[in-house]
Amino acid sequence: MSNEATLHSQQEVMHGAGAHDHHDHEHHDSFISKYVFSMDHKMIAKQFLITGIIWAIIGAFFSVLFRLQLGYPDATFPWLESILGHWAKGGRITPEAYYALVTMHGTILVFFVLTAGLSGTFSNLLIPLQVGARDMASPFMNCLSYWFFFLASLVMMASLFVQTGPASGGWTMYPPLSALGDASIGSKIGVDLWLTSMALFVVSQLLGGLNYISTILNMRTKGMSMTKMPLTIWSFFFTAVLGVLSFPVLLSGFILLLMDRHAGTSFYLSDIFIAGKALANEGGSAILYQHLFWFLGHPEVYIIILPAMGMVSEVLAISSRKPIFGYLAMIGSLFAICILAFLVWAHHMFVTGLNPFLGAFFVLLTLLIAVPSAIKVFNWITTIWKGNIRFTPASLFSIGFVSTFISGGLTGIWLGNSSIDIHLHDTYFVIAHFHIVMGVSAFFGMFAGIYHWFPKMYGRFMNNTLGYIHFWVTLVGAYLIFWPMHYEGMAGMPRRYFDYSTWTSFNQFEGLNQFISFVVIIVFATQLLFVFNFFYSIFKGRKMTTLNPWKATSLEWTTPIHAGHGNWPGEIPEVHRWAYDYSKDGRDFIPQTEPLGPNESAH
Amino acid sequence: MSGFLAVLVVVLIFIVIFQIAKASEYVSILKGEKKAREQSNRINGFLLIAFLVLGLIGVYYCNDLLKGKILGESASVQGEGVDTLIYVTLAITGVVFVITQIALFAFAFKYQEKEGQKAFYFPHNNKLEVIWTVIPAIALTVLVAFGLKHWFQLTSDAPADAAVVEVTGKQFNWLIRYPGKDGQLGRKANNLIDPAASNEIGVDWNDPLSKDDFQATEVHLVVGKPVKFVIGSRDVIHDVGLPQFRLKMDAVPGIPTTLWFTPKFTTKQMKEKTGNPDFTYEISCDQMCGAGHYSMRGVIVVETQEEYDAWVAKQPTQYSLAHPDAAPAAPAADAKADSTKTVAANIK
């Protein structure tokens, strides 16, 4: 009791000051309109975030399950049978279950967590708050965007419980494997549900993306020119553009796949003999699907990483008390990445029999992406150089982001070169590469965002000590898990194998696989600690006592602690300067709302 | 029971961590925000630099531990180029890795918040930015140039004297077919596949070229002689992965692909080189193909010309296996008739 009193004694100081700001702007919403079918972008952001967290726990738990198989292929775990039933007879996961887990792990984390959970959360939360708008361009479409995501989630969740199991052909869902129910038990109803869920997901993404773009272009407050926007907004903008242009292509690919499955078409099928009979399908190309898939699939990895980049840029500047270095170069490199993202998809297909001459262009364009990426990394490092850095959990995760982005990005230079890819394609090297660069990095960006804007969302802080423990265990764990995988990949060890013991070329890593699985379990437990911290802090966290706890310049910290729908009780503030006036002219920070002084130069 | 205990222990650890975390929050409030921040800053600053040092040592240690477990020298002539490119790329990316990681963590440590320290207002510097745009661009140009040179060599046409082996993927094994004496594979079609009649590949027996084709359970290759794989699939997409030769090519139903290379060492030599008596050249399936994907293993035996010739002599033609009723004398007569037809076909 006395402790609680200590924890919350400071809040009174500020309350008096803020109280008269409370105009009658808040409508008296019913529970349904406030928490369920809310049209307030802040509530929709929380909905995306919490749904994303739930999916992240499920998706990460799946990885623990299949890592058990990889680390301890001969052991039996009776408790597995009690949760998975006939998918883990005798306490050992079956190959069918293993592939279903792998597929769902990929789908859930790539789409539901790192797309919807990441850009869905922070685009919604930050775009109106940082550009100075009362809400999104269309709050209703925004609400629909979440509920289509929710429907997609329901369908995907349902697919986990059908008799023949969920889709199990890998998250890329390549036909003919995914097109033929006879090819795999997971390609029966599981794939139909998967495609349905993903179609709903694409609708959700388009509704969200169009809204983000139109809000950023049309609803900026007075004085907020495009080049005064924080980099978060720029990154959300490019993310939305990527999504709007590439998701429809994915959907078209899915529709053709559905027709091949049920309408007797042959878009992807040709010359197939399966389950004892030759199929009549002729003339289709299984490679066509891969083109359609990767035309989204590659921009998708930037859809995942750009929001993280934006948030990291913001957090690093704030915690270093320095302007982001090379603001225009940062925008330029985001733009370059956005353009190149559409021109590199076939680097996933170097060994499909793709015309080698065509492949050469994709090598060139792929390696070109390293240039804007390098610019960003150097600019982040220069941002912290000669700063005065405060190590909040958010800034630590941002530093961790830069570290993992470097490590994972550099191996991209290996894989983007087709002559190396021809050896490393579909090995553990690829697993290590993309998990570090878009899995761990994107999560670090997301964590940075959550720790940093949690006070904005809930008016309370998350527990710092738990945040530090979370960061250090995750950073060390991530490197311990993925760094040695590069070596497994160099040995040619293929990904998506249930068991390596019968292979003389790949069975030398038994001890290493066990070690990796062990670390995975520890890191997973640490993430649960974070989840606990998150939910506990919503209700019991230290209360926010000042409007601007991080002493940031951007607009979201000018709203009341518990802003109602509409964000600012009075007029929307006018903006006079960019978002990065830190340590300028001897002042710690100058808010964007402060007019330029008579002798002051704009950045 | 032990599972229950394990969960209990984990929960207890959670509770302890949580209590510590909560207590530290109270302490920081009592101490004052500024003081608490200074303290946690010092701790985290130290941890950052410790992570950098231990991390770099760890990278070295990991390499020491695992470098013996990766593949060693490339077993094909073409793979040498792949390895060279890997070393060049490793050198360039390795240098960048070490420099940037050191800069990142050392700056973070050095410029942690200190009493009286002011951040330096440094919004941009065109010269610096141009430098670090141009240097990566040059390094990448070098890598692209090297890479494409090797790429066009790897994907060039096989030499005319290359042996031909057809590798067909199916769930979940590889079907190997040799063209026989005429060096040409007989026509095949998926609707002719009939496992019951020893025709797993769907060879058209009416095609005279098919008569001398033979199938095998292992791929046999002659050391030092180029070989061209003609790769296909009869159901879903597979991938012929040849880790020791550093090559890989998808097997796509309906779209034949090819791959050629020159093996450098016989299997026997590799056993000696690696000191592993169980050494085998393996074909791994590298494209997810269903529940048995992980077991889709093929074996390649690289041997001398004499050993190879002896092996070939022992292989019955698939035609004779598929037509057990045909008189043993028949193939010879057929072969004669065939050769005239083949010639005719070639002239056309």
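Residues 63-158 of chain B carry the UniProt annotation "domain: Cytochrome oxidase subunit II transmembrane region profile", from an unreviewed entry. UniProt positions follow the numbering used here, feature names are shortened, and annotations may be inferred rather than shown by experiment. The model is predicted: local features need pLDDT of at least 70, side-chain atom pairs count only at pLDDT 80 or more, and totals for chains, interfaces and linings use all residues. Residues are numbered from 1 along each chain as its sequence is written, and chains are lettered from A and ligands numbered from 1 in the order in which they are written.

The span 63-158 of chain B is 70% helix and 0% strand. Its end C-alpha atoms lie 36 Å apart. Helices (H or I, at least four residues) and strands (E, at least two) are DSSP runs, numbered from the N terminus.

Chain B is assigned two stretches as domains: domain 1 (34-112 + 147-156) and domain 2 (163-325). These bounds come from an automatic or database domain assignment. The domain centres, taken over C-alpha atoms, are separated by 39 Å. Domain 1 of chain B gives 10 residues to the contact and domain 2 of chain B gives 12. Two residues are in contact if their C-beta atoms, placed from the backbone, lie within 7 Å. The domain 1 side has four nonpolar residues, five polar and one charged. Ala, Val, Leu, Ile, Met, Phe, Trp, Tyr, Cys and Pro count as nonpolar, Asp, Glu, Lys and Arg as charged, and the others, Gly among them, as polar.

Between the chains, 102 residues of chain B contact 105 residues of chain A. On the chain B side, the elements giving two or more residues are α1 (2-31), α2 (33-66), α3 (77-110), α4 (126-154), β6 (238-242), β7 (247-251) and β9 (281-285). By class, this side holds 52 nonpolar, 33 polar and 17 charged residues.

Within chain A, helix α14 (residues 393-415) packs against helix α17 (residues 464-482) at about 10°, with the axes 9 Å apart. Axes are lines fitted to C-alpha atoms, for helices over the stretch in contact, and angles run from 0 to 180 degrees between N-to-C directions. The angle therefore makes α14(A) roughly parallel to α17(A). Angles under 35 degrees count as roughly parallel, over 145 as roughly antiparallel, 65 to 115 as roughly perpendicular and the rest as oblique. Contact residues include Phe397(A) of α14(A) and Phe471(A) of α17(A). Seven residues of this contact are nonpolar, four are polar and none is charged.

The axes of α14(A) and helix α16 (residues 428-458) of chain A come within 8 Å and cross at roughly 160°. The two helices are therefore roughly antiparallel. Their contact has 15 nonpolar, 12 polar and no charged residues.

Some backbone features fall in loops. A cis peptide bond, with omega about 0°, joins Pro175(A) and Pro176(A). Pro176(A) is in the loop between α7 (139-159) and α8 (189-218) of chain A. Met173(A) lies in the loop between α7 and α8 of chain A. Met173(A) is not a glycine, yet has a positive phi of about 55°. In chain B, the peptide bond from Gln171(B) to Phe172(B) is cis, with omega near -5°.
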